[in-house]
Amino acid sequence: MSTTVRWLTADEERAWRAFLRITVAVKTGTARDLAERGLSEADYEVLSTLSERRGNTSSLGEQADKMGWSRSRLSRHATRMEARGLLRRSPDPEDGRGCLLTLTGHGLTVLEEAAPAHLASVRHHFMDHLTPDHLNTLEDIARRLDEANNTPGKG
């Protein structure tokens with residue numbers, strides 16, 4: 001069986017490499033700034049998500065899906081966060097194999113202290129360099145890619 005490879009055009013190649021460069025640069029900058037506060041990007045994602053949930057609680061499965069992680073990877077990470085007092089794990093009454101993650105008072109305090117610095121970092125590494133038109137275009141691109149990658153039979 002012969003498969004024809006659809007090579008990238010020069011314009012496509014430049015766009016792809018530019019996307020990779022900016023993704024790495026922004027993520028590296030914001031991760032470095034969070035690390036100065038003693039948090040990883042994953043820590044911040046879990047804490048901020050839990051803070052937005054009713055009862056500051058989410059199932060491990062829902063959180064893993066949101067982050068694009070496996071349950072086992074998030075379970076190991078949650079164990080480390082629990083050891084630091086950032087969250088509490090408890091059995092999930094709806095999933096005998098799962099658990100619930102609940103933000104602790106300490107975790108909420110850590111999040112509240114880190115949030116202003118994280119937002120300043122996002123502005124510094126990303127927002128402050130874009131116009132409203134850039135942001136609209138970026139949102140349109142993200143929506144288009146999300147729809148394409150979440151359509152059954154595609155991806």
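**Strand pairing and helix packing in the predicted model**

In the sheet of this structure, Arg89 stands opposite Leu101 in E3. The model is a predicted one, in which local features need pLDDT of at least 70 and side-chain atom pairs count only at pLDDT 80 or more, whereas totals for chains, interfaces and linings use all residues. Residues are numbered from 1 along each chain as its sequence is written, and side-chain values use heavy atoms, with hydrogens and water left out. Helices (H or I, at least four residues) and strands (E, at least two) are DSSP runs, numbered from the N terminus.

The open sheet is formed by three strands in the order E1-E3-E2, and their pairing is antiparallel. Strands E1 and E2 (87-92) stand at the edges, each with a single partner strand, so one side of each is left without a neighbour in the sheet. From one strand to the next, the twist averages 25°; angles run from 0 to 180 degrees between N-to-C directions, and axes are lines fitted to C-alpha atoms, for helices over the stretch in contact. In general, the strands of a sheet pair through backbone hydrogen bonds, either parallel or antiparallel.

Two strands count as paired if DSSP finds at least two bridges between them. Six bridges link E2 to strand E3 (residues 95-103) in the antiparallel sense, and a hairpin of two residues joins E2 to E3. Within this pairing, Leu87 has Leu103 of E3 as its bridge partner, and Pro91 has Cys99 of E3. The pairing of E1 with E3 is likewise antiparallel and comprises three bridges; here Ser59 stands opposite Leu100 in E3.

Helix H4 (residues 71-83) lies across E2 and E3 and runs at about 135° to E2. Between H2 and H4 the packing angle is about 85°, and their axes are 11 Å apart. Angles under 35 degrees count as roughly parallel, over 145 as roughly antiparallel, 65 to 115 as roughly perpendicular and the rest as oblique; H2 and H4 are therefore roughly perpendicular to each other. The residues that meet are Ala42, Asp43, Val46 and Leu47 in H2 and Leu74, His77 and Met81 in H4, contact meaning heavy atoms within 4.5 Å. By class, this contact of H2 with H4 has five nonpolar, one polar and one charged residues, where Ala, Val, Leu, Ile, Met, Phe, Trp, Tyr, Cys and Pro count as nonpolar, Asp, Glu, Lys and Arg as charged, and the others, Gly among them, as polar.

Thr49 is placed in helix H2 (residues 41-52). Its relative accessibility is 3%, and Thr49 therefore counts as buried; buried means under 20% relative accessible area, exposed over 50%, and partly exposed in between (1.4 Å probe, protein chains only). When residues up to four places away in sequence are not counted, Thr49 touches Gln63 and Lys66. The C-alpha atoms of Thr49 and Met67 are separated by 10.0 Å, the two residues being 18 residues apart along the chain.

The loop between H2 and E1 holds Asn56, whose phi is near 55°, a positive value in a residue other than glycine. Most residues other than glycine have a negative phi, and most peptide bonds are trans. Asn56 has a relative accessible area of 24% and is thus partly exposed.

Ser58 lies in strand E1 (residues 57-59) and, at 2% relative accessibility, counts as buried. Its side chain makes a polar contact of 3.4 Å with the side chain of Arg53. A polar contact is a pair of N or O atoms within 3.5 Å; within protein, one must be able to donate a hydrogen and the other to accept it, and residues adjacent in sequence count only if both atoms are side-chain atoms. Apart from neighbours within four places in sequence, Ser58 is in contact with Leu50, Arg53, Gln63, Cys99, Leu100 and Leu101.

In helix H5 (residues 105-125), Leu108 is partly exposed, with a relative accessible area of 28%. Residues up to four places away in sequence set aside, Leu108 touches Ser51 and Leu103. Leu108 and Leu50 are 58 residues apart in sequence, and 9.1 Å separates them in space, C-alpha to C-alpha.
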